[in-house]
Amino acid sequence: MEKKTNSTKREKDCRIKTLDKIFLENSVHEFINIAKDVKHEYWQKEHFMIDLPGKWEYSLVAVGAKNDVIGYVIASKKDSNIHIHKFMIKKSLRGLAIGKKLLTELCNRCMDARIKTVTLKVYQDNVRAIGFYKRCLFKRIGVEKGGILRMSAVPKQIKDSIENKAE
Ligand SMILES: CC(C)(COP(=O)(O)OP(=O)(O)OC[C@H]1O[C@@H](n2cnc3c(N)ncnc32)[C@H](O)[C@@H]1OP(=O)(O)O)[C@@H](O)C(=O)NCCC(=O)NCCS
């Protein structure tokens with residue numbers, strides 16, 4: 001019961017914003033810190049700051065009450081799809097539906113822009129993330145050298161799968 005109350009409070013405190021370049025530049029150390037416990041992660045400031053088509057329209061940040069960064073999705077437009085480059089939630093706040101909230105907002109934007117597909121890459125050993133993506137109806141579309149899985153999904157289907165599972 002105690003845990004549920006805390007979770008609800010955390011969810012309420014979280015706000016989803018479009019990621020802009022100035023915010024990212026000013027808080028990039030927080031973005032780097034969030035990824036620190038995650039295997040294979042290596043992005044530094046220069047990786048986060050790269051300009052890509054659609055990046056400042058489709059990348060989102062989840063912030064707490066003090067505008068502190070608690071999660072993010074870095075995405076850009078690749079061909080006619082949206083590609084997720086990074087999707088991270090602060091370790092202590094994982095499993096509290098913040099990821100689902102970010103993904104839902106990304107899907108809303110994709111649907112508004114008639115984007116047909118969302119793609120991403122995930123290491124095959126990241127079993128929890130792959131489980132999450134599969135439940136969000138991402139399908140495996142290939143495997144790259146080094147054990148990286150390529151996955152894709154339809155925005156409306158992702159959103160429906162998340163909403164159908166909502167409590
Ligand atoms: C994957 C990730 C972004 C999901 O965000 P989240 O806020 O934890 O996820 P939500 O609370 O919205 O959804 C919970 C789901 O995520 C899954 N999940 C994946 N990794 C998890 C983790 N480390 N801790 C808790 N839940 C995790 C749970 O199984 C759960 O699935 P279910 O609700 O369908 O049973 C987040 O857990 C994370 O940052 N993981 C580490 C970084 C990572 O692996 N990113 C993906 C790289 S491609």
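## Exercises on a predicted model

Strand 2 and strand 3 are antiparallel partners, joined by four bridges. Pairing here requires that DSSP find at least two bridges between two strands. Helices (H or I, at least four residues) and strands (E, at least two) are DSSP runs, numbered from the N terminus. The model is predicted: local features need pLDDT of at least 70, side-chain atom pairs count only at pLDDT 80 or more, and totals for chains, interfaces and linings use all residues. Residue numbers start from 1 along each chain as its sequence is written.

**Exercise 1.** Trace the two hairpins that involve strand 3.

*Solution.* 
- Step 1. Start with strand 2 and strand 3. Five residues separate them in a hairpin. Valine 63 stands opposite valine 69 of strand 3.
- Step 2. Go on to strand 4. Strand 3 and strand 4 are antiparallel, over eight bridges. Alanine 75 has isoleucine 84 of strand 4 as its bridge partner. Two residues lie between these strands in their hairpin, and aspartate 79 in the turn has a positive phi of about 55°.
- Step 3. Check burial of strand 3. A residue is buried if 20 or more other C-beta atoms lie within 10 Å of its own, exposed if 12 or fewer, and partly exposed in between, with C-beta atoms placed from the backbone. Strand 3 is largely enclosed by the rest of the structure, because seven of its ten residues are buried.

**Exercise 2.** Are asparagine 67 and arginine 114 buried or exposed?

*Solution.* 
- Step 1. Recall the background. Most residues other than glycine have a negative phi.
- Step 2. Take asparagine 67. Its phi is positive, near 65°. Asparagine 67 sits in the loop between strand 2 and strand 3. With 11 other C-beta atoms within 10 Å, asparagine 67 is exposed.
- Step 3. Take arginine 114. Its phi is positive too, about 55°. Arginine 114 lies in the loop between helix 5 and strand 5. Arginine 114 has 8 C-beta neighbours inside 10 Å, so it counts as exposed.

**Exercise 3.** Describe the shell around the ligand.

*Solution.* 
- Step 1. List the nearest residues. Of 19 residues around the ligand, Arg94, Gly95, Gly99, Lys100 and Arg128 come nearest. Membership requires a C-beta atom, placed from the backbone, within 6 Å of the molecule.
- Step 2. Assign elements. Strand 4 (81-89), helix 5 (98-112), strand 5 (118-123) and helix 6 (127-135) give two or more residues each. Helix 6 gives the largest share, five residues.
- Step 3. Sort by class. The shell has eleven nonpolar, four polar and four charged residues. Ala, Val, Leu, Ile, Met, Phe, Trp, Tyr, Cys and Pro count as nonpolar, Asp, Glu, Lys and Arg as charged, and the others, Gly among them, as polar.
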